[in-house]
There are 2 protein chains.
Amino acid sequence: MIQRIPPKSGVAFILRKGQRLTVTDPEGEQVSDLVAYNLDDRKEVISSGRSLDYAGRMFLTTGDVLYSNRSRDMLKIVKDEVGRHDFTLTPCSKDTFRKLYNEADPQGGCQENLEAALSEYGIGPDDIPIAFNIFMHVAMDPETGKISVLPPLSKAGQSIVLEACMDLVIGMTSCSAGESNNFVYKPIDYQIGSGVA
Amino acid sequence: MIQRIPPKSGVAFILRKGQRLTVTDPEGEQVSDLVAYNLDDRKEVISSGRSLDYAGRMFLTTGDVLYSNRSRDMLKIVKDEVGRHDFTLTPCSKDTFRKLYNEADPQGGCQENLEAALSEYGIGPDDIPIAFNIFMHVAMDPETGKISVLPPLSKAGQSIVLEACMDLVIGMTSCSAGESNNFVYKPIDYQIGSGVA
């Protein structure tokens, strides 16, 4: 069954070991911030630093593993129709909108949407790490290090599929930052299936 | 008074708001992993994701701020004689040595040295984030995202100076990963001074 995350919102759910999570961009050029926690010990959390270090690449795709802060496999990318995602920036938040977009009284972003969705699992604001930002297109100038947030490469209907390597709590959003989705706020779809799908 | 962190070891100490921390590479081409916590609430911790996002650059230098996970100023870089540091990779650990260097029975790295040093402040292994890797020279291919860890650009005696924006617990190492320091394990020096230094 396909579930929809409405624009500018977030969800949290349990993904059991061996289950596959398909994340689809139904309209194209939208981003979904994904975080993951060990269901049985939520101090174990997805780690961008470990994952990028072990992959030896800034951009992860099919075959790559998303590791926890304890260097254990959390999720494996088993299919990727887009091939470009970000794993360096934190979820957008009221502070992001204040500091980067100069909004005086911003609404919340992915950070606040993840906080709301994850609270039922006992996960607090300080426990939200750098997300795996699905479909987010971040370019980096190798000389100056300048970061450019570009429109996602995802076209309508394209997906990424991740398989759980342990029982997980997943938090996911439809991104609220204009720069990340070419200033059109859209939904994100997801589906949970068995490992044989 | 100059303090020395011997090769392959770590320290932790309190840095009060307004104090300046000078980190010096006494022999050249050595890396120091730095982490920071709010002294009064250690769930508030240095955040690479926030800092890179707000700077709009992967490489931070003089004038840049290192932000916490709560988007508050923790440290400001007030002087930088080297100009190249990393803020994407987690501290090297036994797992790093196993996974990247294929060592069957590795000794500990910066992760374990930070754990040992920070334990007296009630900070545990899961609470060690992506460090600000002083003098670490990481290059990224903008097309493939390939990460290359290169010899640091720091020459003997060169320094970076950071000023505390709040009362902090600081953890710091002399890096244990050969790739990071051109396979010569050296000490790191540091000095705490008043903000007028």
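1. Salt bridges between the chains. In this predicted model, four salt bridges are found across the interface of chain B and chain A. One pair that meets the rule is Asp126(B) with Arg70(A), where the closest N and O atoms are 2.6 Å apart. Over all chains, a search of the whole structure gives 22 salt bridges.

2. Arg70(A) inside its own chain. Arg70(A) also has a salt bridge to Asp41(A), at 3.0 Å from N to O. This pair links distant parts of the chain, the two residues being 29 apart. Arg70(A) lies in the loop between strand E6 (65-67) and strand E7 (73-80) of chain A, whereas Asp41(A) belongs to strand E5 (residues 41-45) of chain A.

3. Extent of the interface. Chain B and chain A each bring 38 residues to the contact. The area buried between them is about 3200 Å², and carbon and sulfur atoms give 51% of that area. On the side of chain B, the residues that lose the most area to chain A are Arg50(B), Asp53(B) and Asp126(B), which together make up 18% of what that side buries.

4. Polar contacts and the make-up of the chain B side. Across the interface of chain B and chain A, 14 residue pairs are in polar contact, with both residues at pLDDT 80 or more. Helix H1 (48-55) and helix H2 (94-101) of chain B each supply at least two residues of the side that touches chain A. H1(B) gives the most, with six residues. Sorted by class, the side of chain B that touches chain A holds twelve nonpolar, 13 polar and 13 charged residues.

5. The sheet in chain B. Six strands of chain B form an open sheet with antiparallel pairing, in the order E1-E13-E3-E11-E7-E6. Strand E1 (3-5) and strand E6 (65-67) of chain B have a single partner strand each and stand at the edges, so one side of each is left without a neighbour in the sheet. Neighbouring strands of this sheet are turned against each other by 25° on average, direction ignored. Within the sheet, strand E7 (residues 73-80) and strand E11 (residues 158-164) of chain B run antiparallel and are joined by five bridges. Lys76(B) has Glu163(B) in E11(B) as its bridge partner.

6. The sheet in chain A. Chain A has an open sheet of six strands in the order E1-E13-E3-E11-E7-E6, with antiparallel pairing. Its edge strands are strand E1 (3-5) and E6 of chain A, each of which pairs on one side only. From one strand to the next, the twist averages 25°. E6(A) pairs with E7(A) in the antiparallel sense over three bridges, and Val65(A) stands opposite Lys76(A) in E7(A). The loop between E6 and E7 of chain A is where Arg70(A) is found.

Definitions and conventions:
Residues numbered from 1 in each chain as written. Chains lettered and ligands numbered in written order. Predicted model: local features only at pLDDT ≥ 70, side-chain atom pairs only at ≥ 80, totals over all residues. Heavy atoms only, no water. Pairing = 2+ DSSP bridges. Helix = DSSP H or I, 4+ residues; strand = E, 2+ residues; numbered from the N terminus. Axes fitted to C-alpha atoms, helices over the stretch in contact; angles between N-to-C directions. Contact = heavy atoms within 4.5 Å. Buried area = accessible area lost by both parts, 1.4 Å probe. Salt bridge = Lys/Arg side-chain N within 4 Å of Asp/Glu carboxyl O. Polar contact = N/O pair within 3.5 Å; in protein donor to acceptor, adjacent residues only side chain to side chain. Nonpolar A, V, L, I, M, F, W, Y, C, P; charged D, E, K, R; others polar.
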